[in-house]
Amino acid sequence: MDRGSLLGGVRGDPGQLIHRSLDFKSQGAQCYKDKKYREAIGKYHRALLELKGLPGEPEPGRDPPEGPQGTPLTEEQRLAVENIEVDCYNSLAACLLQAELVNYERVKEYCLKVLKKEGENFKALYRSGVAFYHLGDYDKALYYLKEAKSRQPTDTNVIRYIQLAEMKLSRCNQREKELS
């Protein structure tokens, strides 16, 4: 059975796909509020899957892509899709950070997708910093955390992670000096 038939006819019109995606995103938000993180992850993934049937960005020098029925996305629909994607990836990262065993690689991946579309997104900057910190890349962690701090200078979580990353970096530098 192909993915299209599993999703109940993904070949619907763009408006329907966007509407279904928004429904799943809302269900995911409710699951998150209810602390049902695994269920929320499923809903956010389903919201993103609904959007897979839509056309993407036009390639330079080409006509805009068309929807399943040959209709191009309107500007309003394109913006809605982008907002849904940003919200879902941000929310997926938030859910993953609630897990007992956090997949920081996946958190990083989702946050970088958000930052590709919204480079100043505070939550994605902060969560990227946290992910890089736990992955042991303290330089990148500091970069993203300082970017987050420039957006919200008094956020105590950001300040705490900056201090942790700076301590790790100074320990690494100290070890390097001792070894040389």
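Me: Is the crossing of helix 4 and helix 5 left-handed or right-handed?

Reply: The structure is a predicted model, in which local features need pLDDT of at least 70, side-chain atom pairs count only at pLDDT 80 or more, and totals for chains, interfaces and linings use all residues. Residues are numbered from 1 along each chain as its sequence is written, and side-chain values use heavy atoms, with hydrogens and water left out. A crossing is left-handed if the near helix is turned anticlockwise from the far one by less than a right angle, and right-handed if clockwise. For helix 4 and helix 5 the crossing is left-handed.

Me: At roughly what angle do the axes of helix 4 and helix 5 cross?

Reply: Two packed helices are described by the angle between their axes and the distance between the axes. Axes are lines fitted to C-alpha atoms, for helices over the stretch in contact, and angles run from 0 to 180 degrees between N-to-C directions. The axes of helix 4 (residues 75-96) and helix 5 (residues 104-117) come within 9 Å, and they cross at roughly 155 degrees.

Me: How are helix 4 and helix 5 oriented to each other?

Reply: Angles over 145 degrees count as roughly antiparallel, those under 35 as roughly parallel, 65 to 115 as roughly perpendicular and the rest as oblique. The axes of helix 4 and helix 5 cross at roughly 155 degrees. The two helices are therefore roughly antiparallel.

Me: How many residues of the contact of helix 4 with helix 5 are charged?

Reply: The contact (heavy atoms within 4.5 Å) is made by E82, E85, V86, Y89, N90, L92, A93 and L96 of helix 4, together with R106, V107, Y110, C111, K113, V114 and K117 of helix 5. Here Ala, Val, Leu, Ile, Met, Phe, Trp, Tyr, Cys and Pro count as nonpolar, Asp, Glu, Lys and Arg as charged, and the others, Gly among them, as polar. On this basis 9 are nonpolar and 1 is polar, while the number that are charged is 5.

Me: Is L92 buried or exposed?

Reply: L92 is found in helix 4. Leaving aside neighbours within four places in sequence, L92 is in contact with I41, Y44, H45, L48 and Y110. Buried means under 20% relative accessible area, exposed over 50%, and partly exposed in between (1.4 Å probe, protein chains only). At 0% relative accessibility, L92 counts as buried.

Me: How are helix 2 and helix 3 oriented to each other?

Reply: The axes of helix 2 and helix 3 come within 8 Å and cross at roughly 170 degrees. Their crossing is left-handed. Helix 2 and helix 3 are therefore roughly antiparallel.

Me: Is K25 buried or exposed?

Reply: K25 lies in helix 2. Leaving aside neighbours within four places in sequence, K25 is in contact with Y44, A47, I84, D87 and C88. With a relative accessible area of 19%, K25 is buried.

Me: How far apart in space are A40 and Q27, C-alpha to C-alpha?

Reply: A40 is found in helix 3 and is buried, with a relative accessible area of 0%. Not counting residues up to four places away in sequence, A40 touches G28, C31, Y32 and C95. A40 and Q27 are 13 residues apart in sequence, and their C-alpha separation in space is 7.3 Å.

Me: Which cysteine sulfur is nearest to that of C31?

Reply: A disulfide is a pair of cysteine sulfur atoms within 2.5 Å, and a search of the whole structure finds 0 disulfides. C31 is in no disulfide; at 8.7 Å, the nearest cysteine sulfur is that of C95.

Me: Is K35 buried or exposed?

Reply: K35 is in the loop between helix 2 (14-33) and helix 3 (37-51). Phi of K35 is near 60 degrees, a positive value in a residue other than glycine. With a relative accessible area of 61%, K35 is exposed.

Notes:
Helix = DSSP H or I, 4+ residues; strand = E, 2+ residues; numbered from the N terminus.
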